[in-house]
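Hi,

Here is the structure I promised to pass on to you. Have a look at it first, and my notes on what turned up follow below.

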Amino acid sequence: MSKRICVFCASMDGARPEYRAAATAFGTAAAERGWTIVYGGGKVGLMGAVADAALAHGGKVVGVIPRALVEKEIAHAGLSELHVTETMHQRKALMADMSDAVITLPGGFGTLDEIAELVTWAQLGYHRKALVLLNTENFFAPFIAWFDHIAQEGFIRPHHRGILVVRPDVPSAIETLETYQPPLIDKWLEKKDI
C-alpha cells in the first residue's frame, strides 16, 4: 500500500534557497516511491515546491485548503485532488486523517501550529504516526532547544521529547519515513500529577 505523507511547510520560500531545494527534493523523492503527498493546497512557497516536484515526477498530490485562503495562498489548480474546508481546524483534521505519516519543513506560525497539534495528539495517544522534522540548514534549532528545555523543566516527560524525529536532510528523512516503528507512549498524565 502506498504511503500518504502529510507535509507541513510555508507558503513562502524563506530567506535561503536551500529551503526550496529541500522541498523540491522531498516532493521528488516521495513521488519516486509512489507516496501520495497531502499538503496545504497552495501553489506558492515551499508548499508549491513540494507539490510541483511530486507532480512533475508522476506523484499524486492532495491539497487541503480553507475557503478563506484559496486566494491568499493561491490554491494549486493542477493537483490530483483539492479539498476546500470551512475552517483551519477542519483543514488540519482532514490532513491528519488522510495521512499515514507527517513531515514538517521550514515555515512560520502556521507550520508551528500544525506540527505542535500533531505532536500533542501523539503524546495523548490519538495516533502513532511518524512525525519527522526536516531540519534544513538547522532551521529548527531554536524549536528543538525549546523541546529540550520543556523536558528539563518538567512540562513533558523526557521520553515524549522523542515523539518528533529530527532529521538533517531529505535522504535521512525519507529513510525514517520508510522504516519508522512507533514507540510505545505511556499515559501522559498519571494520578500523582493530578
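Let me start with a helix. On one side of α3, His 89 and Asp 97 are exposed. Please keep in mind that this is a predicted model.

The buried residues of α3, which spans residues 88-97, are Arg 91, Lys 92, Met 95 and Ala 96. Looking down the helix axis, these buried residues fall within an arc of 125 degrees, so they line one face of α3. His 89 and Asp 97 lie on the other side. The buried residues pack against several elements, including β1 (4-8), α2 (45-56) and α4 (109-123). At the N-terminal end, α3 is capped by Thr 87, which has a side-chain oxygen 3.4 Å from the backbone nitrogen of His 89.

The largest pocket has a volume of about 360 Å³, and β1, α2, α3 and α4 each give two or more residues to its lining. The biggest contribution is from α4, with four residues. In total, 25 residues line this pocket, and Cys 9, Ala 10, Ser 11, Gly 108 and Thr 111 lie nearest its centre. By class, the lining has 14 nonpolar, seven polar and four charged residues.

The second largest pocket holds about 200 Å³ of space. Here α4 and α5 (141-152) each supply two or more lining residues, with the largest share, five residues, coming from α4. Among the residues of this lining are Leu 112, Phe 143, Trp 146 and His 160. Nine of the lining residues are nonpolar and three are polar, with no charged ones.

How values were computed. Residues are numbered from 1 along each chain as its sequence is written. This is a predicted model: local features need pLDDT of at least 70, side-chain atom pairs count only at pLDDT 80 or more; totals for chains, interfaces and linings use all residues. Side-chain values use heavy atoms; hydrogens and water are left out. Buried means under 20% relative accessible area, exposed over 50%, partly exposed in between (1.4 Å probe, protein chains only). The arc is that of the directions from the helix axis to the C-beta atoms. Contact means heavy atoms within 4.5 Å. A polar contact is a pair of N or O atoms within 3.5 Å; within protein, one must be able to donate a hydrogen and the other to accept it, and residues adjacent in sequence count only if both atoms are side-chain atoms. On a 1 Å grid over the protein atoms alone, a cavity is a set of points where a 1.4 Å probe fits but cannot get out, and a pocket is an open set with protein on both sides within 12 Å along at least five of seven lines; lining residues have an atom within 4 Å of a point. Grid points are joined across faces, edges and corners, and a volume is the space filled by probe spheres set on the points. Ala, Val, Leu, Ile, Met, Phe, Trp, Tyr, Cys and Pro count as nonpolar, Asp, Glu, Lys and Arg as charged, and the others, Gly among them, as polar.
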